[in-house]
Amino acid sequence: YSPRRIKMLEENKDTEALIREVENCCRGLQDKIDANYQNMSEDEREYFATLLDEPFDYALRLLESHPNDPRLANLCFDNAMFKKGLLLRSNLAIRNAVKNLNDPDLLKDYDKLQKCQKELVARRSLHGIGNTYKSKQLEKEIKEIDKKVSERCAAYLRQNNSDKISRKDIQKRMSNSDAVIEFLENRSGGLFALVLPKKGNVQYVRFSTKDELKFFFDEKGREHAYMDPGLTAKIFNSDFATKLRDVKKIYFTTSGFFNTLNLTALAQNNGEPMCKKYKFTLMSNVRDFCDLAANSQSFIKNVKNGRIALWGGIAYSDTSDLSENSVYAVAQRGETLCPLPRTKDEVLSIRNIIAPKGFTCDTIIGTRATERSFKNRSGKNDMILHIATHGFFKEGQQHEDKTAPMYNSGLFFAGANK
């Protein structure tokens, strides 16, 4: 990414050359990262993801200036998909999935596969006959182990398949009533959507800014804002509605300010929430769409073979009182965390729905819902963990763990008010 060359093209007002430059830059970076993608640690992926920020954000700003250019819309959609895939991939999660199969030989094979892949990447910068011979041996060994692990571990196969999924692969699995959408925020606080239809190019939709929506929430109050169709009009505007004319199911991902919005609760003009009009499915990455389409039945089968653990009605104080009055008592005592009485009903309702269908379910409530109870689930072959509780995140640079950003947030369990 060369800011100097970009600036020169801007000054020359050579739009075609500028678009080509940005597209070549973004796709070139993706190709270079792809060459080492599988062997990067989580920290390395986060580092390279930050390097992508500037060129990817410039592509978004260029799209704002040329909203009808399909090359830029497709590029920005692919950029968002690539970056989320880079950040969400976890070698540790895959290793844990292999470990849960209780096959020591398979786990050894997976660890050997990781070692061989790293060595192969290192040898690509070396030369000589001996190195070429060893590299070919490693490639053959990697292929054999990869096949063995793929046959035994669905999580490993699913991750590898996900890495290769393209925009066109997603479209092949879509129906005419589906829309796959990236809801994004750029660095200047602009909010927009990139809509992938069943056929054709990605479509760009511009919304209000983050500041405009925040002002709306501050003025109306969060609860009343969701009931006001005026808020909905700032997002599901006429341009967006036109692009969703024949859509019944929306598969979407969010970033930035959209992570704080409940799109399904936005009110229509008739007062009903948007979830009455569309069936919404939130995904971590748009590539998950292919997994949802292909593996819904196998996922249900895998869940039935495993366990489901539910935490709710958590007693943050010494008492397990979960009555509505306890909320006010906690406030009078000056304690930080209020009980969430309805979360007990929530997890019991889930258990009552799924237990008759053959699922093995463990429900952990009240003073039993400790941090230890969560940690003790390790190795129990849980397929779903449902935790209804308060959460927290650390603000300010003095609190940030830059080497492992996920450590900047957490969940509260029983006894947290002590």
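Biologist: Why does Ile33 count as buried?

Modeller: Its relative accessibility is 6%, and buried means under 20% relative accessible area, with exposed over 50% and partly exposed in between (1.4 Å probe, protein chains only); Ile33 therefore counts as buried. Ile33 sits in helix α2 (residues 15–36), where helices (H or I, at least four residues) and strands (E, at least two) are DSSP runs, numbered from the N terminus.

Biologist: What are the sources?

Modeller: This is a predicted model, in which local features need pLDDT of at least 70, side-chain atom pairs count only at pLDDT 80 or more, and totals for chains, interfaces and linings use all residues. Residues are numbered from 1 along each chain as its sequence is written, and side-chain values use heavy atoms, leaving out hydrogens and water.

Biologist: How do α6 and α7 cross?

Modeller: The axes of α6 (residues 104–123) and α7 (residues 129–152) come within 9 Å and cross at roughly 145°. Axes are lines fitted to C-alpha atoms, for helices over the stretch in contact, and angles run from 0 to 180 degrees between N-to-C directions. Contact means heavy atoms within 4.5 Å; residues making it include Leu113 of α6 and Ile142 of α7.

Biologist: What makes β7 and β8 edge strands?

Modeller: Two strands pair if DSSP finds at least two bridges between them. The open sheet has the order β7-β6-β8, with parallel pairing. β7 (360–366) and β8 (382–387) each have a single partner strand, so one side of each lacks a neighbour in the sheet.

Biologist: How many bridges join β6 to β8?

Modeller: Five bridges join β6 (residues 307–314) to β8.
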